[in-house]
Amino acid sequence: MSILDFSNRIDDLTHEFTGREWLDEHVTHFLNEPSARYLVITGEAGIGKSAVAAHLAKTRSVHAIHFCSTSVAETITPSDFVRSISAQLRANLPGFTTCIAAELGVSDYLNTPTSITGTATAHLAQDVDEIIGVKIDSLHIGSTNVLDIFARSVTKPLKAWLREHPNQPVLFLVDALDEGDRYTQSPKIVDLIAASEGLTPSSKWILTSRPGTRAQTLKAMHEAILDDADDNIQDIEKHIRRVFAASPLAEATTGDPIRATTLAKALEQRARGNFLYLRYVIKQIRAAVASSGELPEPSRLPDGLPDVYREFLGRIADTHTDLWKQQLRKVLGALAVSYIPLTFDQVSALSGASKQTTNDVLNTITQFLNMRSSDGVELYSIFHASFSDFLTDRKSSGEWWVDPIDNHSHIIDYYLSNYHPNKWDKCDSYGRNYISRHMKEASRWEDLHKFLSLKSTCTINNITLYENFWYKTCEENKQILVFYNDIQDMLVYLNNEIPSTLSKVEQKHLFSRFFHYSLIAGSIISISDNMSAIVLEALTKHQVWSIERSITSARQISSAAEKSQALLCIFPLIKDKITLQSILEEAVKAAMYLKSGTTRCILMLQIYKYSEHYVILETRINYLKQAEHDAKNVRRLAERAHLLVKIANTVNEKKYKNNILKTALEYARREPDASYSAVALAEVASVITNPIQQELLQHEAIFLAKNIKSNITSASTMGKVLSYIDGSLWQSEALEHAILTLCL
């Protein structure tokens, strides 16, 4: 049924789970609040968000769960997310199978068997649920719009189910949306979740994420913040007490109660509310007690999670040669950039380390790895995304930095040198499924072009036929969306790489390549209802498609937001005034179907700008009023301020502009979250023309950022404030604070 299995992860995350009673109460309140749709639990890496999600998966009646992880590619891939969520609803909601069968047109055991792809045939004796699963897979092959697939296999049938069960709650749980945001294409998983806003309030989502993601902008959203929360600190204290009271630390703490108290206090302070820090450091303390029988010196504890990683790697450095350290970096690099857990042989091959060295390294870094068996084969991945982030961040990791570009390139070179061009049938599944992603991450566009142009052959009735290798591979894996995304990314790259400074021959070469990929993309899109705005704009701009064909394609897009955006992308390329007016009206109509205030506000602003010479003034003012109305009705006050600044930057009328900025300033100051408020104040200040008022607002923004309790949040906020005050009197003060806070 295509359900992704997270049972082992849930069991691992709930081992030694402590406290969180206060958060359970928050969840209960959320579930009982009729108007609340989304609960977003936020916190920095390692704070315990995933453990909380796993705890809720075990203790609440959840109908569909999903844990995003960058180390398991299918968990951040929207199409796989849709398959799994839909399959879970079919398994957990009695009668949902009937609703989805009606939506997909497979009622009465499928009246149209030709619509089914794969090996399934529609005989009456077949199981309806199996047929539906195959039908959903066919949607993935026949459509390039995951939002449409999500609507047809989740939201629309769920609406029908909820009409039949009006008082039945439906609960979704999705962990680590920030990792889901690392998916390289759009839409992302959070976009699919946002598309569920039209469901009744009895369907609710519990989400976890690091701060600053789109999850925090969802409508009817409640937020539970773990960072620096007093209750979270108390949970840390409770966990430390429980660990110290249990074997094997109980005897050591009883024998030296003064050191035990000092050690517990140091742990609490240096953890900074981070449970992942405790996981690693308590393991070290247990090892020290087992070795010496004594508790370690409190002053020698690592200070924060990055320091845990630095100390661990430093201890390795002290006991190994420089040559071995280089091999360690290779293994860490391969694991840090891989998209799924790797086998032992894959770790060795993709890192370039010998099998003996690979074995030594893996045994040395066991505490930072996830190791699990699948069909008798051991698989390895980095335990937590924060360690990968640490390794690939040169400032944090210092001498242990692993260059992600180099490691992506090493993986690419391995597969190209061993299997290109005629041995791809012998390539392992990792290379076949993920080499194109590595090429894009490493900006190896020439290699991607060669790869996408690779032909494979087959013989039928003594006739040799040629087909695109990568398309065939994706089709076999039911991942046509991957192929389409690769083509679309190549189009975007080429669209930006045809400068007028090139010679005519060079331009012709790139145009021909662009045309080639446009035709491929167009062929795929011809079997679906949607084309992305960027592809449509590029095809029209470079005259691969006529204006008429582009307009026809834009009109067929089912998503109101995408349709409006596509029409507006074509708008500047149209010469005929009557056509321009018609396109403008259609873009407005599509935009007005939207419920999302932020998206509609931005679209209405774009329409206002384009409409200057094509509609009467009164109509233009109405567009502007609609944008203003939408801006003032988004949930977060800082977002309101941000959108109003966009409006102020769009208009020329001074009095109106000043009034808009005055309102934006009011929202920025009323924003309850200091980090959002500071950035909003700085943005408002950046467009105010009065120099004295500008400096006062900049100082106010800096003051707010300085006084944020969390050092990480304070530094991050100050960095965002700095982006708006370049050249300001306060710039050096803000920069100094940001650097000092990061050092702390």
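The dialogue below covers ring pairs, charges over rings and cysteines.

Tutor: Keep in mind that this is a predicted model.

Student: How is a pair of aromatic rings described?

Tutor: By the distance of the centres and the angle of the planes. This structure holds 19 aromatic pairs. Take Phe-571 and Tyr-614: their ring centres are 5.7 Å apart and their planes stand at 80°, so the pair is edge-to-face. The cut-off for that label is over 60 degrees.

Student: Where in the chain do Phe-571 and Tyr-614 sit?

Tutor: In two loops, 43 residues apart. Phe-571 is in the loop between helix H28 (560-570) and helix H29 (577-592). Tyr-614 is in the loop between helix H30 (597-610) and helix H31 (617-631). The pair thus links distant parts of the chain.

Student: Is Phe-571 buried or exposed?

Tutor: Buried, with a relative accessible area of 4%.

Student: Which residues form an aromatic cluster?

Tutor: Tyr-280, Tyr-309, Phe-312, Phe-368, Phe-383, Phe-387 and Phe-390 form one.

Student: Which charged residues sit over a ring?

Tutor: Lys-204 lies over the face of Phe-30, 5.2 Å from the ring centre. Arg-394 places its charged end over the ring of Trp-401, at 5.9 Å from the centre.

Student: What is a disulfide, and how many are counted here?

Tutor: A disulfide is a covalent bond between the sulfur atoms of two cysteines. The count here is zero, with a cut-off of within 2.5 Å between the sulfur atoms.

Student: Are Cys-569 and Cys-601 buried or exposed?

Tutor: Cys-569 is buried, at 14% relative accessibility. Cys-601 is buried too, at 0%.

Technical notes: Residues numbered from 1 in each chain as written. Predicted model: local features only at pLDDT ≥ 70, side-chain atom pairs only at ≥ 80, totals over all residues. Heavy atoms only, no water. Phe/Tyr/Trp six-rings, centres within 6.5 Å; stacked < 30°, edge-to-face > 60°. Helix = DSSP H or I, 4+ residues; strand = E, 2+ residues; numbered from the N terminus. Buried < 20%, exposed > 50% of the residue type's maximum accessible area, 1.4 Å probe, protein only. Lys NZ or Arg CZ within 6 Å of the ring centre and 35° of its normal.
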